[in-house]
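Please examine the model shown below, with attention to its pockets and to the ligand. The paragraphs that follow take these topics in turn.

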Amino acid sequence: MKILFINLERRNAFHRDAIDRAISDVMLANDFVGGRFVEEFEWEFSEYCETRHAVGVASGTSALWLTLKALGIGPGDEVVTVPNSFFATASAIALTGATPVFVDVEPDTHTMDPSKLEGAITRRTKAVIPVHLFGQAARMSEICSIAKQSGLFVVEDACQAHGALYSGRRVGSLGHAACFSFYPTKNLGAIGDAGAVVTDDEELASRVRALRDHGQVEKNEHREVGFNSRMSSIQAAVLSEKLRYLDVENQKRRKVAAEYNRMLAHVPGIQLPVEREEAVHVYHLYVVAVNDRDAVSATMAQAEVGCAVHYPRPIHLQPAFQQLGHGPGSYPVAEGLAKRILSLPMQPELTAPEIAHVAGSLASAVALPA
Ligand SMILES: *Cc1c(COP(=O)(O)O)cnc(C)c1O
């Protein structure tokens with residue numbers, strides 16, 4: 001049995017009619033960038049996230065960058081985040097001219113360790129970006145209260161956590177603003193690149209709106225220098241269709257995770273994902289930690305079970321951030337996890353025999369002598 005890490009064809013097959021209809025609606029309307037389809041999706045997505053505003057943009061990376069710009073963050077400022085995320089979380093900070101500052105993560109949930117946050121805050125710190133990694137909210141109550149004491153903005157990187165809950169509230173509604181990606185493999189995925197910023201702050205929303213379109217507030221009136229980070233109408237129309245199934249699909253992801261947990265719970269040598277009591281995890285990724293990860297990963301590849309590593313090299317050790325001067329050992333928890341993590345196939349459509357095959361292959365792989 002061959003199992004892909006993610007089977008996008010199967011992901012989208014269920015939505016195929018709705019996707020075709022969305023494309024044809026946009027073609028008929030001749031309204032390709034921004035406009036009615038984007039406004040409709042923005043309204044639906046803000047409602048879903050329990051926020052007042054949503055602004056559709058070109059990608060999750062644009063969402064992060066535009067939010068920081070709109071908050072007035074730039075050269076001389078520092079923004080705190082974690083080293084074990086997709087590169088864009090930190091690159092968006094650097095693109096504003098500000099400096100990314102890292103804090104280490106909790107060994108069980110892989111999210112920001114609030115006990116290390118205060119030590120990273122200086123007079124220059126303007127914002128903190130917790131990442132809701134793999135689909136589970138970071139420890140937001142502690143992070144938000146520390147941020148409040150220090151007068152910092154909280155920008156959630158919710159690119160992996162569409163629909164996740166924290167203390168009964170949707171992620172996206174927990175900080176000053178939140179950024180989402182609709183990259184095709186995300187829990188809510190477009191058929192190309194797209195992203196959104198959600199916030200309750202009207203002024204922030206209008207500034208992001210202007211910045212995504214060259215700083216235009218009215219036609220031919222450019223109040224500041226922005227960029228082209230607009231959302232395409234086809235993506236918006238597709239996302240409106242798929243949003244209706246997000247909760248059902250997240251439930252299915254949770255069932256897949258529960259099956260993996262059940263089958264792997266008694267296998268020695270595997271650290272399973274840990275769910276926070278106050279959170280509902282939506283399993284963008286199902287990530288285990290094992291010793292000899294590279295050997296286990298090679299055995300899984302031989303068994304034709306597609307696995308991945310999110311992420312093999314922490315951001316502070318990337319060549320692009322060499323100038324920050326963080327050598328190996330700077331963030332030991334994140335670095336230790338990077339050597340041991342393995343992402344198993346995870347999508348709502350996985351069948352019971354497939355889940356059993358993945359779990360069985362992993363159990364055999366970890367049992368092999370190194
Ligand atoms: C996907 C992702 C991003 C970037 O989103 P794009 O749409 O690919 O630009 C940022 N942060 C995290 C945590 C992500 O998973």
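How do the residues of the lining of the largest pocket divide into nonpolar, polar and charged? In this predicted model, that lining comprises 14 nonpolar, 10 polar and 3 charged residues. The space in the largest pocket is about 460 Å³. Its lining is formed by 27 residues, of which Phe86, Gln160, Tyr183, Lys186 and Tyr311 are the closest to the centre. Helices H4 and H5 each supply at least two residues of this lining, and H4 gives the most, with 3 residues.

The largest pocket is where the ligand sits. The elements that contribute two or more residues to the shell around the ligand are helix H4 (60-70) and helix H5 (88-95). Here too H4 gives the most, with 3 residues. The ligand is surrounded by 14 residues, and Gly60, Thr61, Asp157, Ser181 and Lys186 are the closest. By class, this shell has 5 nonpolar, 7 polar and 2 charged residues.

A ligand oxygen atom lies 2.8 Å from a polar backbone atom of glycine 60. For threonine 61, an N or O atom of the side chain is 2.5 Å from an oxygen atom of the ligand. For glutamine 160, the corresponding side-chain distance is 2.9 Å. Of the 380 Å² of accessible area that the ligand has on its own, the protein covers 93%.

The second largest pocket holds about 180 Å³ of space. Its lining has 12 residues, with Asp292, Val296, Ala365, Val366 and Leu368 the closest to its centre. Helix H10 (293-302) and helix H12 (352-367) are the elements that give two or more residues to this lining, and H10 gives the most, with 3 residues. The lining contains 8 nonpolar, 3 polar and 1 charged residues.

Conventions:
Residues numbered from 1 in each chain as written. Predicted model: local features only at pLDDT ≥ 70, side-chain atom pairs only at ≥ 80, totals over all residues. Heavy atoms only, no water. Near = heavy atom within 4 Å. Polar contact = N/O pair within 3.5 Å; in protein donor to acceptor, adjacent residues only side chain to side chain. Areas by Shrake-Rupley, 256 points an atom, 1.4 Å probe, with all protein chains shown as cover. 1 Å grid on protein atoms, 1.4 Å probe; cavity = no way out; pocket = protein on both sides within 12 Å on 5 of 7 lines; lining within 4 Å. Sits in = over half its atoms within 2 Å of the grid points. Helix = DSSP H or I, 4+ residues; strand = E, 2+ residues; numbered from the N terminus. Nonpolar A, V, L, I, M, F, W, Y, C, P; charged D, E, K, R; others polar. Points joined across faces, edges and corners; volume = space filled by probe spheres on them.
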